Amino acid sequence: MNSGKIYFLSDTHLGSKEDFEELVAKQQFVDFLDGLGPEAEAVYLLGDIFDFWLEYKQAIPQGYDKVLTSMSSAIQRGITIYFCPGNHDYWTFGYLENQIGLKVIPQPYYFEKNGYRFWVAHGDGLGKTSLGVKIMNLLFKGKICIKLLLCLPSPWIYSFAHYWSRSSRKKSSQNPYVFKGENDNLYKYALGLHSNKPADFFIFGHLHQKIDLKIDRQSHFVILDSWSHGENYAVFDNGKFDVIKITGQKDTFSSDSANL
Ligand SMILES: [Mn+2]
């Protein structure tokens with residue numbers, strides 16, 4: 001039985017621009033991956049890792065060379081990296097899988113580890129969603145719409161994506177999502193999953209805030225915070241689950257952890 005550590009992170013929103021803030025975030029991400037030793041078994045990247053990722057047959061977004069190299073080298077060291085696309089990096093059509101070696105998983109995704117059961121997902125568009133979200137999903141995730149999207153020249157799409165990412169970031173920083181506790185849509189969605197196929201951990205991203213709630217005596221509902229808020233990843237180690245803060249220092253992580 002493999003009893004290595006499993007890491008979870010989401011919403012790093014690594015940008016393709018080379019401004020200072022984005023370079024720091026990318027370096028932290030690279031340091032995190034490069035710092036994973038033989039105790040690491042798997043990393044679950046739960047969406048919006050890239051602030052925008054869309055692949056063309058012969059082109060990928062610029063600015064991610066170091067990040068992709070670190071991913072690929074972690075995979076070569078024997079660490080499995082699962083990638084659950086989010087609403088910012090949904091559009092991978094083979095490159096991340098075949099060239100880098102990521103295992104792309106759908107949301108929600110169920111797995112078991114040492115007798116513990118997990119449901120993981122990015123979290124967008126799950127449960128009861130508004131008509132607006134349904135239309136957006138159809139427009140940007142529907143197979144025919146994606147085919148049409150890929151017919152447009154890449155500079156148009158990438159410029160639009162930067163504008164959209166920037167404005168959605170501005171909107172959510174001015175108007176942060178208010179988590180509604182046990183009445184929240186994502187929590188109710190997890191309850192639904194739990195009643196069909198129970199699990200010990202339900203782990204999501206997307207909402208850019210750190211949430212941990214109990215579903216029942218043994219099951220946890222966890223939302224991982226965004227990279228920029230400093231609560232950056234969770235680690236599962238033989239039944240122990242911690243959320244860890246990155247200090248920003250190379251190869252050193254805070255021992256400050258929140259046991260759920
Ligand atoms: Mn998201």
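**Exercise 1. Compare the reach of helix H7 (residues 185–196) with the expected span.**

Helix H7 has 12 residues. Its first and last C-alpha lie 17 Å apart, close to the 16 Å expected at 1.5 Å a residue. The expected span is 1.5 Å times one less than the number of residues. Helices here are DSSP runs (H or I, at least four residues), and strands are E runs of at least two, numbered from the N terminus.

The model is predicted: local features need pLDDT of at least 70, side-chain atom pairs count only at pLDDT 80 or more, and totals for chains, interfaces and linings use all residues. Residues are numbered from 1 along each chain as its sequence is written.

**Exercise 2. Find which residues of H7 are buried, and where they sit around the axis.**

Step 1. Count C-beta atoms, placed from the backbone, within 10 Å: 20 or more others means buried, 12 or fewer exposed, in between partly exposed.
Step 2. Leu 186, Tyr 187, Tyr 189 and Ala 190 are buried.
Step 3. They cover an arc of only 155° around the axis, so they lie on the same side of H7.
Step 4. The face turned away from that buried side carries exposed Gly 192, Ser 195 and Asn 196.

**Exercise 3. Classify Gly 239 as buried or exposed.**

Step 1. Locate Gly 239: the loop between strand E10 (231–237) and strand E11 (240–246).
Step 2. Gly 239 counts as exposed because it has 11 C-beta neighbours inside 10 Å.
Step 3. Gly 239 and Phe 83 are 156 residues apart in sequence and 22 Å apart in space, C-alpha to C-alpha.

Methods: The arc is that of the directions from the helix axis to the C-beta atoms.
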